[in-house]
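Time to look a few things up and jot down what turns up.

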Amino acid sequence: GDLGPFNPGLPVEVPVWLAINLKQRQKCRLIPPEWMDVGKLEEIRDQERKEDTFTPMPSPYYMELTKLLLNYASDNIPRADEIRTLVKDTWDTRMAKLRLSADSFVRQQEVHAKLDNLTLMEINSAGTFLTQALDHMYKLRTNLQPGESSHSQDF
Amino acid sequence: EENFLSLDDILMSQEKLPGRAESALPRLAVLLGQGAGSAESVPEGSKLEIPLWLAKGLHDSKRRIISVELPKIYKEAWRTVFNADANVVDLHKMGPYYYGFGSQLLNFENPENPEIAQTILQATGGGSVLPISDSVCFLQTFIARFRRIMDSSQNAYNEDTSALVARLDELERALFQVGQKGLNDFQCWEKGQASQITASSLVQNYGKRKLAEVDG
């Protein structure tokens with residue numbers, strides 16, 4: 001698409017990939033998104049710890065953005081280390097919740113679960129394991145009904 | 001059901017099952033590990049240990065060649081242990097294919113008559129049919145151990161996991177490895193290795209990249 005015009009000293013919105021590229025060439029300074037702030041992240045983290053359900057995250061890509069910005073532009077982000085810790089804490093809490101809910105899902109042998117406000121990163125980290133385990137459970141469960149087809153051969 | 005091409009399934013069906021010859025089996029003694037001479041036959045009623053695939057093939061609906069009984073692990077006594085605390089049991093020692101093998105045993109008696117099937121479903125438990133409580137037992141065991149597998153696979157990064165895995169049967173081990181892979185991939189991404197180009201392990205093994213060692 002079209003970007004710009006790029007005037008020195010004036011803030012401009014660009015896609016992340018371009019911003020990182022320009023930053024690496026030392027042509028710009030990155031401004032962190034408004035949710036990447038210690039106070040806000042602390043709030044989110046505390047809410048995550050308090051609630052049983054998942055809190056809506058400020059961006060569906062918060063993990064990826066945090067990693068990119070902190071790796072390439074940490075000098076433009078105030079209190080970068082604290083932010084890193086806060087995001088990691090929130091991530092850990094969410095993953096623990098996910099596992100807990102997976103465990104109770106399996107124990108009670110539910111057929112359907114709805115999880116709001118999960119980001120793709122979290123789903124992909126835990127997803128393969130869960131789907132495989134559920135496949136096995138399904139196979140074990142269908143063994144409860146012995147098959148009608150007979151496998152024997154007559155001599 | 002069983003996957004014909006799956007290595008795991010093939011290995012699993014090699015596991016042995018205690019059984020009994022229902023009729024004399026002429027000249028099969030050597031095959032079944034009973035005698036040394038090639039002309040010996042297995043007398044009726046003798047006890048045999050046969051692999052699952054053989055038992056399945058010989059066990060036709062007329063039931064005159066072989067009858068099988070459940071290995072100890074699937075019997076009543078062990079079921080109470082599982083119901084007490086499934087996490088404690090060393091499933092690997094019990095036969096590394098506990099779940100797979102057990103599921104196959106369930107399908108053993110294939111009755112011709114649908115009414116018989118119905119009765120089995122209502123758990124009469126005649127002959128060598130596993131009553132309904134055993135299939136429930138598998139599921140419950142799996143569920144009970146699921147949490148432990150999930151937690152340990154997701155948290156042991158770069159550590160020696162052999163102690164953890166020793167007590168799991170093959171199915172659980174495969175699941176564990178999936179969990180580990182997920183964890184490793186995530187860590188890899190986090191370190192930024194996901195976007196680095198690394199030499200494929202196959203190519204490294206070819207030994208073509210020896211320029212560095214050749215000089216000097």
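Is B:F82 buried or exposed? I'm working from a predicted model here. B:F82 has a relative accessibility of 4%, and since anything under 20% is called buried, B:F82 counts as buried. I found B:F82 in helix 3 of chain B, which covers residues 76-84. I also checked B:A144, 62 residues away from B:F82 along the chain: their C-alpha atoms are 9.3 Å apart.

Next, aromatic rings. I get two aromatic pairs over all chains. In one of them, A:W91 and B:F186 have ring centres 4.8 Å apart and planes at 5°, so I note this pair as stacked. The pair crosses between chains, with A:W91 in helix 4 (residues 80-107) of chain A and B:F186 in helix 8 (residues 170-191) of chain B. A:W91 is buried at 5% relative accessibility, and B:F186 is buried too, at 10%. Ring pairs join A:W91, B:F186 and B:W189 into a cluster.

Then charges over rings. A:K67 lies over the face of B:W189, 4.6 Å from the ring centre. Within chain A, the charged end of A:K97 sits over the ring of A:F54, at 5.5 Å from its centre.

Last, the largest pocket. I noted a volume of about 840 Å³. Its lining has 22 residues, and A:V12, A:V14, A:R29, A:L30 and A:I31 lie nearest the centre. Helix 1 of chain A gives the most to this lining, with four residues. By type, I get 17 nonpolar, two polar and three charged residues in the lining.

Key: Residues numbered from 1 in each chain as written. Chains lettered and ligands numbered in written order. Predicted model: local features only at pLDDT ≥ 70, side-chain atom pairs only at ≥ 80, totals over all residues. Heavy atoms only, no water. Helix = DSSP H or I, 4+ residues; strand = E, 2+ residues; numbered from the N terminus. Buried < 20%, exposed > 50% of the residue type's maximum accessible area, 1.4 Å probe, protein only. 1 Å grid on protein atoms, 1.4 Å probe; cavity = no way out; pocket = protein on both sides within 12 Å on 5 of 7 lines; lining within 4 Å. Points joined across faces, edges and corners; volume = space filled by probe spheres on them. Nonpolar A, V, L, I, M, F, W, Y, C, P; charged D, E, K, R; others polar. Phe/Tyr/Trp six-rings, centres within 6.5 Å; stacked < 30°, edge-to-face > 60°. Lys NZ or Arg CZ within 6 Å of the ring centre and 35° of its normal.
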